[in-house]
Amino acid sequence: MKVNLVLGILEEHGTGLQALLLRLTLRPDVAEDLMQELFVKLSQSRAFAQAIDPGAYARRMAINLAFDWRRAGRRHTQDLGVDLVFSGRSPGEIVAEAEEVERILEVVEQLGDLARQAFTLRYIEQEGYERVGQILGKTAHQARGLCHMAVQQVRERLAERQVTHERP
Amino acid sequence: MRDLSERDIVHLMKGLAKVQPSSEEVVRARATARRTIMRRYAMQWRMVSGIAAAAFLAITVMVINFIQQPASAAEMLQRVAETSQGYRGWVHFRTEAKGQQPYSVTHFNAKNGVWAGEDHTPEGLEAKMYVLAEKKEVAYSSRSGEIRIGELSETFASEWKKQLDDQPLTVSAAVARMPGAKVAESKEAGLSRFDVVFPKDDPQKAAAEHRSVYPETAAVWADPETKLVKKAELHIAGTIVTTVYTYGNPTIETIYDLGVPREAKVTDVRPAKDIKTILARLRKRQDAGYGDGVAVLTNTDAADPQYWSMCLFARQGRNWLGCRYLVGARQYHNGSPRAIAVDVPAGWPWPSLEVAVSHLKQARPSEYVVSDGTHTYGGYFNAATGEAERTIQSGGPKDAGQKLVPMVSDMRSKLELDLPTRIWPDLATYGTGSKVEVITDKNRPGQLGLRVDAKVYIRQGVYAQDINIYWLDPTREDMPIESTIQISSPDGKFEFKTLYLEHKQLSDGRWYPSRWRTTTTVTADRKGAAATVVRDMECCLQVFPGKVLEPEWFTNFAERLEPTKR
């Protein structure tokens, strides 16, 4: 029964999915809202019911939802809402780094679907290349290439933005 | 702002990876999600049939919009689409697949939020109607000859309304993703005909993009004057599906307008407001449970030691477990070994926590579900050989067994390895399939009585009729006093009658049932002869809040435990 599948995903991956949504939105309240939206969508999705790896499907959908939310411009960049974990830093450095994280996420949201998902899974979710490949339907080797390309794109786009921002 | 190198980016993301929601946020989000899921599926029939109908409409209109070339036919078809989408009165459409007898008719009015569906099959008529403004569902089945009126949840009603309202959004989103469709316009029987050829679609790609597979070809007929769609024909995977549209009258006011006979019996199963409050309260108690700690439950069949067992429950932050162990007899009456059974522990049926834990540490449970916070493992140990069977793993990076995830949660509830739901009944009911009512008994002053009548799906075409009666004590956190569960199905009759004999309080004042007796009566039809079996089981529960188990408990039992030496 599909209800068991959805409940099973909630049981086994609920916490991880919520953490993922929180990392991508930096807003606990939004992460909670998106959790509800995610499970409503999973309940409705026929492709999810037929997925070979429903957990991976749910994660891809969570990533899409979070970046859809970011793209919709509903985030508040000034209020990060969560305490980022940067141990051994001064408060000033923590704020600066939190802003940098937000900048990175802004750039990630502009990447193509595959690159965005690869970046999120590898660098935000800290998954190994093999698992990234499994989730994205690629080989570990391809996943490595995708992740490398994604982080390169992020760096390049950050540099472009830096130039744009600093131009008088 | 500084320039970020790739190393900086990776380092910053590592910091972000450590961000975790608080346990309170997790509990709240999971509880809400669980309720949302259950409520949705309580109305599964409606969702499936309704979404199918809505999806068909969407794909039909989608066909109209998948036009990229600036051809006049495309422009004309676009105008047809916009006109049809903009129509806010009654829309009726009949859908059937060529060569197949069943057909369905759907009616909806986006303006007033009424949706109705008829499924015509060789067995008869199944009709369903949602009146969103009243959060009301009305269902009829010619098999039962009964009309049932149920309640729609707030979530369902708002989502359904959104589906009706958001058709243009669905379409515009689809347009952006569907390049390459070709359209040609012609005239046929006074109507404008549009033939659409789609680019070849890949089912895997469709699944990855969270959408249905595109049809191969489609034809749409529209009224040249009103621009409204009159008919659509889709060729999907070798099947021709035809939909015929009409607009305006008839309006659908009641379920009788769908052809349901006036003389059909009407049953209103909507819960009253006071019942809703009670159900929410019980759900809250389930969600809260007893928090972190350990609980030990012993099950003693006074007449038959081959049924003795004990359960261990524990929760420590993200770690939890529930497992059942066989106790006592090493052999069943039929001679089958019960080799994994443990000796009866000292103090039975009230072993101390220390005795129970040390007794069970190296024992193989007959069933278990355990989570280390990342992975969840569930499985059985063969009672005769002690070998691990059907081990299920889910979660984590090396997860080849993801598709087995549903079995874990299914197993936990089926095996009753979740303590709170054993104490407070789960009675969330929506739709027309079940009914909850408060009952009273003059011999039970102050007790809260709940009766649930439910039709439960067993297998294709087979349903069980459940009658569940619960007596609770509202003055002691809704502690169970007595329950009777009767299940009648073609397979037999089952009755589980439980009398709660003692309750205890934890040091913080919370109550729990400490001793109860369940009498199970099974009357099954065996080769034409009814056989009745009666069993009495006495259960003793001890709850130890705040107590912890060693970390190795929360690992895969199949790996932790060696097979029994034979």
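Hi everyone, let's start with chain A: of its 168 residues, 59% count as buried, where buried means under 20% relative accessible area, exposed means over 50%, and partly exposed is in between, using a 1.4 Å probe and protein chains only. Before going on, please keep in mind that this is a predicted model, in which local features need pLDDT of at least 70, side-chain atom pairs count only at pLDDT 80 or more, and totals for chains, interfaces and linings use all residues. Residues are numbered from 1 along each chain as its sequence is written, chains are lettered from A and ligands numbered from 1 in the order in which they are written, and side-chain values use heavy atoms, with hydrogens and water left out.

So what is the secondary structure of chain A? It comes to 8 helices and 0 strands. Here helices (H or I, at least four residues) and strands (E, at least two) are DSSP runs, numbered from the N terminus. Read from that end, the elements of chain A go α-α-α-α-α-α-α-α. The accessible surface of this chain is about 7,100 Å², and 48% of that belongs to carbon and sulfur atoms; the areas come from the Shrake-Rupley method with a 1.4 Å probe, and for residues only the protein chains shown count as cover. Now for contacts, meaning heavy atoms within 4.5 Å. In chain A, 66% of the contacts with a separation of 6 or more are between residues 24 or more positions apart.

Helix α2 covers residues 28-44, and at 1.5 Å a residue its 17 residues should span 24 Å; the end C-alpha atoms are 25 Å apart, which agrees. That expected span is 1.5 Å times one less than the number of residues. Helix α2 of chain A is mostly covered, with 12 of its 17 residues buried. Among them are A:L34, A:L38 and A:F39.

How many residues of α4 in chain A are buried? The number is 16 of 18, so this helix is largely enclosed by the rest of the structure. Helix α4 runs over residues 54-71 and should span 26 Å at 1.5 Å a residue, and its end C-alpha atoms, 25 Å apart, agree with that.

One more stop in chain A: the charged end of A:R122 sits over the ring of A:Y129, 4.6 Å from its centre. For that, NZ of Lys or CZ of Arg must be within 6 Å of the ring centre and within 35 degrees of the ring normal.

On to chain B. Its secondary structure comes to 12 helices and 25 strands, and 49% of its 566 residues count as buried. The accessible surface is about 27,100 Å², with 53% belonging to carbon and sulfur atoms. Of the contacts in chain B between residues at least 6 apart in sequence, 53% join residues at least 24 apart.

Helix α1 of chain B, residues 6-17, has 12 residues and reaches 16 Å from its first C-alpha to its last, close to the 16 Å expected at 1.5 Å a residue. Its buried residues include B:I9, B:L12 and B:M13.

Now the rings. The whole structure holds 10 aromatic pairs over all chains. Rings of Phe, Tyr and Trp (its six-membered ring) pair if their centres lie within 6.5 Å; planes under 30 degrees apart count as stacked, over 60 as edge-to-face and the rest as tilted. Take B:F93 and B:Y245: their ring centres are 5.5 Å apart and their planes are at 40°, so the pair is tilted. This pair links distant parts of the chain, with B:F93 in strand β1 (residues 90-97) and B:Y245 in strand β11 (residues 239-247), 152 residues apart. Both B:F93 and B:Y245 are buried.

Strand β1 of chain B also holds B:T95, which counts as buried at 15% relative accessibility. Its side chain makes a polar contact with the side chain of B:T243, at 3.3 Å. A polar contact is a pair of N or O atoms within 3.5 Å; within protein, one must be able to donate a hydrogen and the other to accept it, and residues adjacent in sequence count only if both atoms are side-chain atoms.

Elsewhere, ring pairs link B:Y368, B:F381, B:W553 and B:F557 into a cluster.

Last, where is B:D301 found? Look in the loop between β13 (293-300) and β14 (309-316) of chain B. B:D301 counts as buried at 4% relative accessibility.
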